[in-house]
Amino acid sequence: ALQDAHRQAAKVWRGVGAIQGYRAELGLENKRRVRVPCLTMRGQHDFVTYNCVKDWNRCFKFCDTMTLAGCSHHGLLENESLYGDVVEAFLQEHDPPKENI
């Protein structure tokens with residue numbers, strides 16, 4: 001199924017060259033790390049490589065990067081339960097306790 005998806009995508013996309021070498025960077029107006037928690041997710045077979053997302057760790061004080069096993073770019077559609085488990089665990093970890101609200 002993943003190979004078929006990649007074959008179909010090649011007919012529409014212009015290639016992944018546009019994102020190769022992409023790096024997340026803080027804007028010039030704000031060189032401090034953002035304090036809001038961040039979750040980046042990519043599929044194991046994603047065209048968005050680990051190198052594309054790893055620099056988000058420099059931008060956010062709390063940034064988790066997860067690779068969804070067996071998925072390509074659309075993890076939510078490919079493995080709904082895995083995607084949901086990852087998001088739920090992240091939110092439970094970073095959600096403030098009720099007494100602090």
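Q: Of the contacts with a separation of 6 or more, what share is between residues 24 or more positions apart?
A: It is 74% in the protein. Keep in mind that this is a predicted model.
Q: How many helices and strands?
A: There are 5 helices and 2 strands.
Q: In what order do the elements run?
A: Starting at the N terminus, the order is α-β-α-α-β-α-α.
Q: What percentage of the residues is buried?
A: Of the 101 residues, 20% are buried.
Q: New topic. How many disulfides are there?
A: The search of the whole structure gives 0.
Q: Which cysteine sulfur is nearest to Cys-63, then?
A: That of Cys-38, 3.8 Å away. Cys-63 is in no disulfide, because a disulfide needs the sulfurs within 2.5 Å.
Q: Cys-59 and Cys-63: buried or exposed?
A: Cys-59 is buried, at 4% relative accessible area. Cys-63 is buried too, at 13%.
Q: How many aromatic pairs?
A: The count is 1. Trp-56 pairs with Phe-60, and the pair is tilted. The centres are 5.9 Å apart, with 45° between the planes.
Q: How accessible are those two?
A: Trp-56 is partly exposed, at 27% relative accessibility. Phe-60 is buried, at 16%.

Technical notes: Residues numbered from 1 in each chain as written. Predicted model: local features only at pLDDT ≥ 70, side-chain atom pairs only at ≥ 80, totals over all residues. Heavy atoms only, no water. Phe/Tyr/Trp six-rings, centres within 6.5 Å; stacked < 30°, edge-to-face > 60°. Buried < 20%, exposed > 50% of the residue type's maximum accessible area, 1.4 Å probe, protein only. Helix = DSSP H or I, 4+ residues; strand = E, 2+ residues; numbered from the N terminus. Contact = heavy atoms within 4.5 Å.
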